[in-house]
Each structure stands twice: as C-alpha cells, then as structure tokens.
Amino acid sequence: MNNFREVNDDIIKEWLEFREETAFCEMSPEDKKHNIYFEEVAEKILKNVPNKNKKYVKNQLDMLDQNFMDYLYYWNEKYYRNGFVDGSQLVMGCIE
C-alpha cells in the first residue's frame, strides 16, 4: 500500500499536475498582486552588473530561480498532498 503522505509519482501527483495545468493557470487580480516577477527583478540586477560579470550573474540568477521554483513545487505538493490525505482519512473515519 502506498504512503500517500510521501511525495512520489502516484495518483495524487497526477491529480496535482492536472490541477496545475487547468485551474492554477488562470490568475485573478488578487493572484497577480502576489506574483513573483523574477524576470523583471533579474533584468534590473543585470543592468547594474559590469559586462564582464553579466554571464556569471545571469547563470546564478537562473539557478536561484530554478531552485526557488523546485522548493515551492515540493512544499506545495507536500502541503496539498497532506491536506488530501487528512480529508480522505476524515471521510473514511466517518464511514467506519
């Protein structure tokens, strides 16, 4: 039996990916207020970096962006996964 609390490739991951591709693609005006505008910030930083260092700084900013997105993805999946499991256990507890 799967431990659905662990972040794995399973039916919950498929459901989260489906939701990400559908419902989470549309941003409300409130969502847009809390968006992270990484590209704009990176562009401002790169404008103030000497030409000889731009490539290095750009690579570091790209790695930071990727690392941050991986971090958010992992914790969001873990948060929603645990909420789903908690809800399932509540329903199953009511049925028994």
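Y56 sits in helix α4, where helices are DSSP runs of H or I of at least four residues, strands are runs of E of at least two, and both are numbered from the N terminus. Y56 is exposed, at a relative accessible area of 56%. The cut-offs are under 20% relative accessible area for buried, over 50% for exposed, and partly exposed in between, using a 1.4 Å probe and protein chains only. From Y56 to E77 there are 21 residues in sequence and 32 Å in space, C-alpha to C-alpha.

A word on what we are looking at. This is a predicted model, in which local features need pLDDT of at least 70, side-chain atom pairs count only at pLDDT 80 or more, and totals for chains, interfaces and linings use all residues. Residues are numbered from 1 along each chain as its sequence is written, and side-chain values use heavy atoms, with hydrogens and water left out.

Now E77, also in helix α4. E77 counts as buried, because its relative accessibility is 5%. What is E77 in contact with, once neighbours within four places in sequence are left aside? The partners are V7, N8, K13 and L16, with contact meaning heavy atoms within 4.5 Å.

The axes of α1, residues 11–21, and α4, residues 51–95, come within 11 Å and cross at roughly 115°. Those axes are lines fitted to C-alpha atoms, for helices over the stretch in contact, with angles from 0 to 180 degrees between N-to-C directions. On the α1 side the contact involves I12, K13, L16, E17 and E20, and on the α4 side Y73, E77, Y80, R81, F84 and V85. Sorted by class, that gives 6 nonpolar, no polar and 5 charged residues. Here Ala, Val, Leu, Ile, Met, Phe, Trp, Tyr, Cys and Pro are nonpolar, Asp, Glu, Lys and Arg are charged, and the others, Gly among them, are polar.

Further along helix α4 is N82. N82 is buried, with a relative accessible area of 18%. Its C-alpha is 5.6 Å from that of R5, although 77 residues separate N82 and R5 in sequence.

Y37 is in the loop between α2 (29–33) and α3 (38–47). At 40% relative accessible area, Y37 is partly exposed. Y37 and Y80 are 43 residues apart in sequence, and their C-alpha atoms are 24 Å apart.

Last, the chain as a whole. The protein chain has 4 helices and 0 strands, in the order α-α-α-α from the N terminus. Its radius of gyration is 19 Å, well over the 12 Å that the globule rule gives for 96 residues, so the chain is more spread out than a compact globule. That radius is taken over C-alpha atoms, and the rule is 2.2 Å times the number of residues to the power 0.38. The C-alpha trace spans about 65 × 30 × 15 Å along its principal axes. Of the 96 residues, 15% are buried. Among contacts with a separation of 6 or more, 65% are between residues 24 or more positions apart.
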